[in-house]
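Q: Please go through the terms applied to this structure and set each value against the definition behind it.

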Amino acid sequence: MFIKSSKIYCTITFKSADRNALINYLNKIKLILSYNKNYTYTLTSKPQKKKRFFILRSPHVYKKSLETFEEQIFSNILTIQFDYSSILYSEFLTLMTFIKRNIPLNINITIKLHNNV
């Protein structure tokens with residue numbers, strides 16, 4: 001098999017209901033990525049999603065007494081790109097384990113690795 005390109009892409013999706021915790025965590029990751037000049041990254045924010053929940057207050061079937069709750073979900077996408085070499089790849093894997101082990105409890109994370117092999 002032939003390698004189409006020597007670039008490796010990784011997209012990381014962050015979702016949270018707490019905006020301040022998400023911003024603080026993304027600032028920490030950007031600070032870590034700024035130390036290494038071999039990585040190029042872009043951070044994009046997606047529009048927030050709002051979910052509404054309606055719960056009946058009474059134990060019976062009275063529809064007039066509804067209580068509403070709203071949840072806002074904030075999400076950002078971090079795309080990391082770097083050239084393939086064994087040293088950079090091992091550094092990248094240690095960076096991913098650091099990111100995975102130091103997640104706050106209220107942030108969900110999804111990591112997708114794209115390489116053109």
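A: Strand 2 gives the most to the positive patch, with 3 residues; strands (E, at least two residues) and helices (H or I, at least four) are DSSP runs numbered from the N terminus. The model is predicted, so local features need pLDDT of at least 70 and side-chain atom pairs count only at pLDDT 80 or more, while totals for chains, interfaces and linings use all residues. Residues are numbered from 1 along each chain as its sequence is written, and side-chain values use heavy atoms, with hydrogens and water left out.

Q: What makes Lys15, Lys46, Lys49 and Lys51 a patch of positive charge?
A: Patches are made of residues with over 30% relative accessible area and no salt bridge, like charges being joined within 9 Å and nonpolar side chains (Val, Leu, Ile, Met, Phe, Trp, Tyr) within 5 Å. Lys and Arg count as positive, and the place of a Lys charge is taken as NZ. Lys15, Lys46, Lys49 and Lys51 gather on the surface in such a patch. Lys15 is found in strand 1.

Q: Why is Lys15 called partly exposed?
A: Buried means under 20% relative accessible area, exposed over 50%, and partly exposed in between (1.4 Å probe, protein chains only). Lys15 has 37% relative accessibility, so it counts as partly exposed.

Q: Why is Val61 called exposed?
A: The relative accessibility of Val61 is 70%, so the residue counts as exposed. Val61 lies in the loop between strand 2 and strand 3. From Lys51, Val61 is 10 residues away in sequence and 23 Å away in space, C-alpha to C-alpha.

Q: What makes Lys7 and Asp83 a salt bridge?
A: The term requires a side-chain nitrogen of Lys or Arg within 4 Å of a carboxyl oxygen of Asp or Glu. In this pair the closest N and O atoms are 3.0 Å apart, so the contact qualifies. Lys7 lies in strand 1 (residues 7-16) and Asp83 in strand 3, so the pair ties together parts that are 76 residues apart in sequence. Lys7 is partly exposed at 31%, as is Asp83 at 38%.

Q: What makes Glu70 and Arg52 a salt bridge?
A: Their closest N and O atoms are 3.1 Å apart. Glu70 lies in strand 3 and Arg52 in strand 2 (residues 40-56), so the pair ties together parts that are 18 residues apart in sequence. Arg52 is exposed at 57%, whereas Glu70 is partly exposed at 41%.

Q: How do you know that Arg57 and Glu67 meet in a salt bridge?
A: The N to O distance is 3.9 Å, and the salt bridge definition asks for atoms within 4 Å, so the pair is counted. Arg57 is in the loop between strand 2 and strand 3 and Glu67 in strand 3, 10 residues apart. A search of the whole structure finds 3 salt bridges.

Conventions
Areas by Shrake-Rupley, 256 points an atom, 1.4 Å probe, with all protein chains shown as cover.
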